[in-house]
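Hi,

Here is the structure I promised to pass on. Have a look at it first, and then read on for my notes.

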Amino acid sequence: MDIVAHLRRTLAALPPARRYYVAFSGGLDSQVLLHALAQLRRELAAPVAAVHIHHGLSPNADRWAAQCDAACAALAIPCEVRHVQARHAAGESREAAARAARYAAFAQILDTDDMLLTAHHQDDQAETLLLMLLRGAGVAGLAGMPAWRGLGRGRLARPLLSLSRQTLRDYALRCGLRWIEDESNFDTSLHRNFLRHEVLPRLREAWPAADRTLARSAAHLGEATELLAELAAGDVTALAGDAAGTLSVAGLLTLSPARRRNALRHWIVRCGLPLPSTTQLQRIESEVLAARADAEPQVGWRGAEVRRYRDLLYAMAPLAPHAGQTLSWDLQEPLSLPGGLGTLRAEPRRGSGLARVRCEGARITVGFRRGGERCAPAGRGGHHELKKLLQEAGVPPWRRGRIPLLFVDGMLALVAGHWACEPFAAGESDEAIFIRWLPSADIASGVENNDN
């Protein structure tokens, strides 16, 4: 197998890159990728660089970084060494934490149209498929590693994914390459290493083409994943609720259970949230979708929660608590709100917002609902309980206590993002102060900043 020719064809079939980065551990696989890419350097329209991630997990980490730097210098390829902290959380493996830290560092490095190349190969794909199968993964997990995908502002590509580990080893020996052997690669207490050293060799004895066959199955599942994503994207668009980023509960219940779960997964990922487990997804169906229309159910997991209000389903990061304290404000500088609730800005305007004459010389404070507040929205007439006004506006209960309220000399003058209250509302020809609320993403939908 001519790896250089294979690499040339594979890169030509990928989107053009502004710069190529090689994820360079110094092991056999990445040594082969870097060396082969160096042979193509003059043919490429983009420069080549290497990135070595220093996890600090091995006593040999400093020596490995130096070896990687030397290997790159020998090929006249610049090498950047990035140090990362790979502390694992409770219930998380050290390897998972290191991987997350590694890819976070890669994402930071990539600029628009940059491409990170990793040396994953066919044997890695087979191991990944078996790992996912043993974890009970769905179709997307069983699809294994894609040939390329987005990462940060750039892309990640795996140009050696169809080649075997033996093919890479043959190339390395033929070219006289020297590589780092990470001692942790032989620790069979780690699941991937157990599969690599104990399980797959036995499978190959009975099925010599096991790696290729498993990789082909992963490719078939990858196609199925694409089709499911297309179906889910159409369903999520069709079921979009009145509030941005929401789904209609009634619409979801018209779908078959499998199609509904497919749509929910796609929607949650599109909201930028971690996927729920199968159990958590079942709880969303049984506890949230099936709840009474006047209930306010929710299901949460690490980094995410799903809530329902009336017919709308909301997905968000867990809401941070806030103390609900009262803040003084001179309207001159932006006011940072507690609990990550965003910022308030006062902007000069005419005929929209608070009448300037009512605010000049007054004591301005910002607080949050405590209960019993009343407001006379401009043009509506009469004072109304704020709770009822927010209910009529369809504001979900968990957001009501997080809406900033502006008081002038102790009287409620403005409900940020919603109403200016009489007698503080500016007339059409009045000099006014427009209060703009820039809320955090988890409460941004429904806040239009156009009435105050």
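Predicted model: local features only at pLDDT ≥ 70, side-chain atom pairs only at ≥ 80, totals over all residues.

Let me start with the cysteines. Searching the whole structure gives one disulfide. Its partners are cysteine 375 and cysteine 421, with 2.1 Å between their sulfur atoms. The torsion about the S-S bond is about -110 degrees, so this disulfide is left-handed. The bond joins distant parts of the chain, as the two cysteines are 46 residues apart. Cysteine 375 belongs to strand S16 (residues 374–375), while cysteine 421 sits in the loop between strand S20 (419–420) and strand S21 (431–438). Both cysteine 375 and cysteine 421 are buried.

What about cysteine 72, and how far away is the nearest cysteine sulfur? Cysteine 72 takes part in no disulfide, and the nearest cysteine sulfur, in cysteine 79, lies 3.9 Å away. A disulfide here requires sulfur atoms within 2.5 Å. Cysteine 72 is itself buried, with a relative accessible area of 0%. Cysteine 359 is another one to look at: the closest cysteine sulfur is that of cysteine 421, and at 12 Å it is too far for a bond. Cysteine 359 has 6% relative accessibility and therefore counts as buried.

Next, helix H7, which spans residues 165–174. Which of its residues are buried? They are Arg165, Thr167, Leu168, Tyr171 and Ala172. Looking down the axis of H7, these buried residues fall within an arc of 160 degrees, so they line one face of the helix. Leu173 and Arg174, on the other side of H7, are exposed. The buried residues of H7 are covered by elements including helix H1 (3–13), helix H2 (28–39), helix H5 (122–134) and helix H8 (191–206).

Finally, leucine 312, which is found in strand S10 (residues 312–316). Its relative accessibility is 15%, so leucine 312 counts as buried. Apart from neighbours within four places in sequence, leucine 312 is in contact with Gly241, Asp242, Ala243, Thr246, Leu247, Val249 and Arg307. Glycine 144, by contrast, is 168 residues from leucine 312 in sequence and 34 Å from it in space, C-alpha to C-alpha.

Happy to talk any of this through.

Best wishes

Definitions and conventions: Residues numbered from 1 in each chain as written. Heavy atoms only, no water. Buried < 20%, exposed > 50% of the residue type's maximum accessible area, 1.4 Å probe, protein only. Helix = DSSP H or I, 4+ residues; strand = E, 2+ residues; numbered from the N terminus. Arc of directions from axis to C-beta. Contact = heavy atoms within 4.5 Å.
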